[in-house]
Amino acid sequence: MATIFSKIIKGDIPCYKIAEDENFFAFLDINPIAKGHTLVVPKIEVDNFFHLDDTILMSYMPFCKKVSIAIEKVVPCNRVGMSVIGLEVPHAHVHLIPLNNMGDASFSKKKLEFSKEEFQEISNAIAKQFQIDFL
Ligand code: 5GP
């Protein structure tokens, strides 16, 4: 059965999309730990990040880098951090998280809440910045 992320990539489940290329798809995490918290998912369905083919892994970071540059320009932060966890969704993904302090990187704290309009505004702004810089 397709993972929830494959359904999002296919457009069967809505998301706040940031960007995509032939191999990767980036969208806002629905339960963010920071404003602009973004997931970057390979279109190929593999559960464990470190089980991905080397060829995919080699193009993964350059795509994450572009997304993080767009996030950094839109969301005030000291830097964009990166986490690979994967305990909830069995489809490899990277979390890109705008950070100002160590606490911002904590997945244990209460998740932030945004309205649909706020999510849309954040994703539109990052997506637009990505297009300006990289398309
Ligand atoms: P992990 O698998 O790395 O532990 O966490 C999965 C992440 O995916 C969580 O941060 C969770 O909020 C996010 N997530 C789970 N389901 C959905 C969904 O349907 N849409 C979006 N945008 N994010 C999701």
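At roughly what angle do the axes of helix α2 and helix α3 cross? The views below, taken from a predicted model, start with this pair.

**View 1. Crossing of helices α2 and α3.** The axis of α2, residues 54-74, and that of α3, residues 116-134, cross at roughly 120° and come within 8 Å of each other. The two helices are therefore oblique to each other. The crossing in which α2 passes α3 is right-handed.

**View 2. Residues in the contact of α2 with α3.** From α2, the contact is made by Phe63, Lys66, Val67, Ile69, Ala70, Ile71, Lys73 and Val74. From α3 come Ala125, Ile126, Gln129, Phe130, Asp133 and Phe134. By class, the residues of this contact are 10 nonpolar, 1 polar and 3 charged.

**View 3. The largest pocket and its centre.** The volume of the largest pocket is about 490 Å³. Its lining is made up of 24 residues. Those that lie nearest the centre are Asp29, Asn31, Leu39, Glu88 and Val89.

**View 4. Lining of the largest pocket by element and class.** Helix α1 (4-10) and strand β2 (24-28) each supply at least two residues of the lining. With 3 residues, α1 gives the most. The lining as a whole has 16 nonpolar, 5 polar and 3 charged residues.

Terms used: Residues are numbered from 1 along each chain as its sequence is written. This is a predicted model: local features need pLDDT of at least 70, side-chain atom pairs count only at pLDDT 80 or more; totals for chains, interfaces and linings use all residues. Side-chain values use heavy atoms; hydrogens and water are left out. On a 1 Å grid over the protein atoms alone, a cavity is a set of points where a 1.4 Å probe fits but cannot get out, and a pocket is an open set with protein on both sides within 12 Å along at least five of seven lines; lining residues have an atom within 4 Å of a point. Grid points are joined across faces, edges and corners, and a volume is the space filled by probe spheres set on the points. Helices (H or I, at least four residues) and strands (E, at least two) are DSSP runs, numbered from the N terminus. Ala, Val, Leu, Ile, Met, Phe, Trp, Tyr, Cys and Pro count as nonpolar, Asp, Glu, Lys and Arg as charged, and the others, Gly among them, as polar. Axes are lines fitted to C-alpha atoms, for helices over the stretch in contact, and angles run from 0 to 180 degrees between N-to-C directions. Angles under 35 degrees count as roughly parallel, over 145 as roughly antiparallel, 65 to 115 as roughly perpendicular and the rest as oblique. A crossing is left-handed if the near helix is turned anticlockwise from the far one by less than a right angle, and right-handed if clockwise. Contact means heavy atoms within 4.5 Å.
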